[in-house]
Amino acid sequence: NKQVVLKGYVDGTPKETDLELKQSILSSLTAPEGSSALLVKNLFLSCDPYMFRRMRQFYGSYIPPFVPGQPIEGFGVARVIDSDDPEFKPGDLISGTTRWEEYSLIRKHEQLRKIDPQLDVPLSYHLGLLGMPGFTAHAGFYEVCSPKKGETVLVSAASGAVGQLVGQLARLHGCYVVGSAGSSKKVDLLKNKLKFDEAFNYKDEPDLNAALKRYFPQGIDIYFDNVGGEMLDAALLNMRMNGRIAVCGMVSQHGHSDPRGIHNLYNLISKRVKMQGFLQSDYLNLFPKFVDHVVDHYRKGNITYIEDLSEGLESAPAAFIGLLSGKNVGKQVICVARE
Ligand code: NDP
């Protein structure tokens, strides 16, 4: 059973060499009797930025760190091989937390779902468009941003798993949407494929405040923040009266123990801006509504979805660490097996 394991806890920016491939013996292809566990064959694994935090021993987060020497955990799509839970039968396809290995023994948990074959989308989409990142976009945009038609919206890491859907939902809601991303290829995708109104490469902007003033001469009503740091600080300077900032993630901060570069918080007071952090898992009761909404738009061709598929478990460490340099174009997924 090939696995990707964490070598030891990380200090500083996570690197590819913090992970290693290991071979372990799979003792049996049946779930232990009475275990209420599922034995699954992993097909697709999701690379998500929150996992970087789990590589640290102490980081004060909402989910425990990974265990060194053990395969790392993450969202995946898998096929049930054996189960003594009547809800999951051999052959069923599931999505939920699994481990980075070929076969896993997993327990039932809150976000473990049976995949509905009627949905008829590629299996890997259950890790992005119809999975946790897509749901994050949906919950964050509608529940945290309280959007109104005609408002102006800034999305950072806009071509990524979460950002690409936030921008498209905002457009469908009648908002003016600008995305920031880290390469000209991504900017092109945002403008020409994902139908953002505008997009810019933040790495080409020596002054982010000036860039935001250019794209938002009247200011920003909603900032959907995926990155934190300097972009958040520049957005604070450009918020409109009664604006909202949804603090979704801080991918720019994974090498630091404390978020850096925030000097403009006073604007929250002067502009009466509401800034709220959120976790998608707080809104799980909305998951069925999210699936209906997104599938409907996807089928009508109103939503496009871009993913970056990396082949084989061997490619997992590079694909995962690549999130930190923006190597991924769209949602990063690892294909372990196709069936
Ligand atoms: P992405 O698919 O967007 O991948 C990460 C992207 O972040 C990279 O492609 C890169 O894009 C960008 N990035 C990396 N380093 C930096 C940096 N230093 N400064 C600016 N941008 C950087 O990831 P996801 O869509 O999966 O996640 C987006 C955010 O949402 C993350 O912060 C994540 O933690 C958060 N999240 C929060 C959840 C919640 O419940 N609150 C749930 C899921 C995700 P580029 O080339 O454009 O720089």
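Modeller: A residue is near a molecule or strand if its C-beta atom, placed from the backbone, lies within 6 Å of it. This model is predicted: local features need pLDDT of at least 70, side-chain atom pairs count only at pLDDT 80 or more, and totals for chains, interfaces and linings use all residues. Residues are numbered from 1 along each chain as its sequence is written.

Colleague: Which of the residues around the ligand come nearest?

Modeller: There are 30 residues around the ligand, and Gly160, Gly182, Gly249, Ser252 and Gly326 come nearest. Helix H2 (132-144) and helix H3 (161-172) are the elements that give two or more residues to this shell. Helices (H or I, at least four residues) and strands (E, at least two) are DSSP runs, numbered from the N terminus. H3 gives the largest share, three residues.

Colleague: Why is H2 called largely enclosed by the rest of the structure?

Modeller: A residue is buried if 20 or more other C-beta atoms lie within 10 Å of its own, exposed if 12 or fewer, and partly exposed in between, with C-beta atoms placed from the backbone. In H2, 11 of the 13 residues are buried, so the helix is largely enclosed. Among them are Met132, Phe135, His138 and Val144.

Colleague: What makes Lys331 buried or exposed?

Modeller: Lys331 has 27 other C-beta atoms within 10 Å, and the cut-off for buried is 20 or more, so Lys331 is buried. Lys331 belongs to strand E15 (residues 331-335). Leaving aside neighbours within four places in sequence, Lys331 is in contact (C-beta atoms, placed from the backbone, within 7 Å) with Gly128, Pro133, Ala161, Glu307 and Asp308.

Colleague: What makes E10 and E13 edge strands?

Modeller: Two strands pair if DSSP finds at least two bridges between them. The open sheet has six strands in the order E10-E9-E8-E11-E12-E13, with parallel pairing. Strand E10 (198-201) and strand E13 (274-277) each pair on one side only, and these are the edge strands.

Methods
Contact = placed C-beta atoms within 7 Å.
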